[in-house]
Structures are given as C-alpha cells and as structure tokens.
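Welcome, and thanks for taking a look at this model. The briefing below starts with the overall picture and then moves through the helix, the cores and the turns.

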Amino acid sequence: MATDTNLFYELKGVIESVALPLFDVSELFISKRGSFLPHGAILTKSNEVQMVNFAPRDFETRKVSAEEILPGLHEALREAVKFESATAVGVAEDVTITLENRKRTKAIKVLFEHQKGLTVALYLPWKPKFRGGVKIGDPLTIEAQPEVCAWDN
C-alpha cells in the first residue's frame with residue numbers, strides 16, 4: 001500500500017492532466033444532455049493528452065448504451081497506447097455511487113491507469129441544478145483494478 005501511495009503522489013500531476021479534460025467534457029455533456037456515454041483519453045510520450053472515442057458502425061441509426069460502448073472503447077484505448085506509445089489512459093463513465101451516508105448519487109467516474117502499474121478511480125458526484133447546469137460535489141479517489149489493461153505489468 002505504501003508503494004501505491006508513493007506512486008500516486010509521484011503521478012498526481014499526470015493523473016490530473018488526463019482526468020481533468022475527461023471531467024470537463026463529461027460535465028459539458030451532462031449540462032447539455034443530462035448524461036453521457038463513456039469516452040477516454042491517452043497521455044502520449046510527449047505528454048500530450050489525446051481524446052479517444054468509440055462508436056459502433058450503426059450508432060447514427062439507433063440508440064447505443066454505455067454497456068455496448070465500453071468494451072470497444074477499451075480496445076480503442078489499447079490500440080491508441082500501442083500506436084502512440086502512451087504512458088497513461090483514462091476512461092470517463094456516467095455512474096451511480098453510494099456515499100458514506102448511504103445516499104445514492106450520480107457521479108462522473110474517471111478510471112486512470114498508468115504504465116507504472118497505478119490504477120485509481122476518481123469520482124465527481126453531481127446533480128442537476130434547478131435552473132439548468134450541474135452542481136458538482138466533493139471529489140473521491142479510491143484504488144481500483146485495471147480495466148483497459150494496456151500494458152503487461
């Protein structure tokens with residue numbers, strides 16, 4: 001655990017550089033549409049954040065779900081990591097979580113995975129404002145298991 005804590009603090013700036021654009025885009029989607037489908041990002045060797053999306057071929061003619069998008073997004077991220085020699089990935093999802101007071105709430109989840117082996121899940125609870133927009137709650141960060149698995153660690 002101490003090693004993961006040290007690695008977390010070593011990579012805190014990297015986590016922020018990947019997670020913040022994903023949170024920003026997710027919040028924009030929520031403000032405009034009330035929800036969003038999973039989307040991701042990679043951090044290239046040159047420290048450039050590149051957004052990565054996935055959609056099935058016929059997505060324009062039917063409704064698609066997060067459950068359908070997520071496996072394809074994970075594969076697209078793995079391919080982007082190989083192509084760009086990326087060092088980190090992030091995946092944003094619209095989820096429901098239970099807070100300490102056992103209250104269920106919507107949250108933006110960003111799963112962050114780094115080549116060095118660190119995986120954390122960052123959550124931003126949210127709720128719609130009465131007159132439009134989104135009210136963001138306090139962020140939460142927890143250790144997590146990798147889902148994209150872009151590197152052989």
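Contact here means that heavy atoms lie within 4.5 Å. In this predicted model, residues 24 or more positions apart account for 54% of the contacts in the protein chain with a separation of 6 or more. Residues are numbered from 1 along each chain as its sequence is written, and side-chain values use heavy atoms, with hydrogens and water left out. As this is a predicted model, local features need pLDDT of at least 70 and side-chain atom pairs count only at pLDDT 80 or more, while totals for chains, interfaces and linings use all residues.

**Overall picture**

- The protein chain has three helices and seven strands; helices (H or I, at least four residues) and strands (E, at least two) are DSSP runs, numbered from the N terminus.
- Reading from the N terminus, the order of elements is α-α-β-β-α-β-β-β-β-β.
- The C-alpha trace spans about 45 × 40 × 25 Å along its principal axes.
- A compact globule of 153 residues would have a radius of gyration near 15 Å, and the 16 Å of the protein chain agrees with that; the radius is taken over C-alpha atoms, and the globule rule is 2.2 Å times the number of residues to the power 0.38.
- Of the 153 residues, 41% count as buried, where buried means under 20% relative accessible area, exposed over 50% and partly exposed in between (1.4 Å probe, protein chains only).

**Confidence**

- The average pLDDT of the protein chain is 90, and 97% of the residues score at least 70; pLDDT is the predictor's confidence in each residue, from 0 to 100.
- Among the elements, S1 has the highest mean pLDDT (97) and H1 the lowest (81).

**Helix H3**

- H3 covers residues 66-84, and its 19 residues should span 27 Å at 1.5 Å a residue; the end C-alpha atoms are 25 Å apart, which agrees. The expected span is 1.5 Å times one less than the number of residues.
- Its buried residues are Ile69, Leu70, Gly72, Leu73, His74, Leu77, Ala80 and Val81.
- Those buried residues pack against strands S1 (39-43), S2 (49-52) and S3 (88-98).
- Ser85 follows H3 and has a positive phi, near 50 degrees.

**Two nonpolar cores**

- A nonpolar core is a set of buried Ala, Val, Leu, Ile, Met, Phe, Trp, Tyr and Cys residues joined through side-chain atoms within 4.5 Å.
- The largest one has 23 residues, of which Phe112 and Leu118 touch the most other members.
- Two or more residues of this core come from each of H1 (2-10), H2 (12-33), S1, S3, S4 (104-114) and S5 (119-128), with H2 giving the largest share, six residues.
- Beyond its neighbours within four places in sequence, Leu118 is in contact with Asp4, Leu7, Phe8, Leu11, Ile15, Phe112 and Glu113.
- A second, separate core of 13 residues includes Leu70, Leu73, Leu77 and Val81.

**Hairpin and positive phi values**

- S1 and S2 pair in the antiparallel sense over four bridges; strands pair if DSSP finds at least two bridges between them.
- Ile42 has Gln50 in S2 as its bridge partner.
- The two strands form a hairpin with five residues between them, and Asn47 in the turn has a positive phi of about 60 degrees.
- Asn47 counts as exposed because its relative accessibility is 58%.
- Cys149 also has a positive phi, about 55 degrees, although it is not a glycine.
- Cys149 sits in the segment after S7 (140-143) and is partly exposed, with a relative accessible area of 46%.
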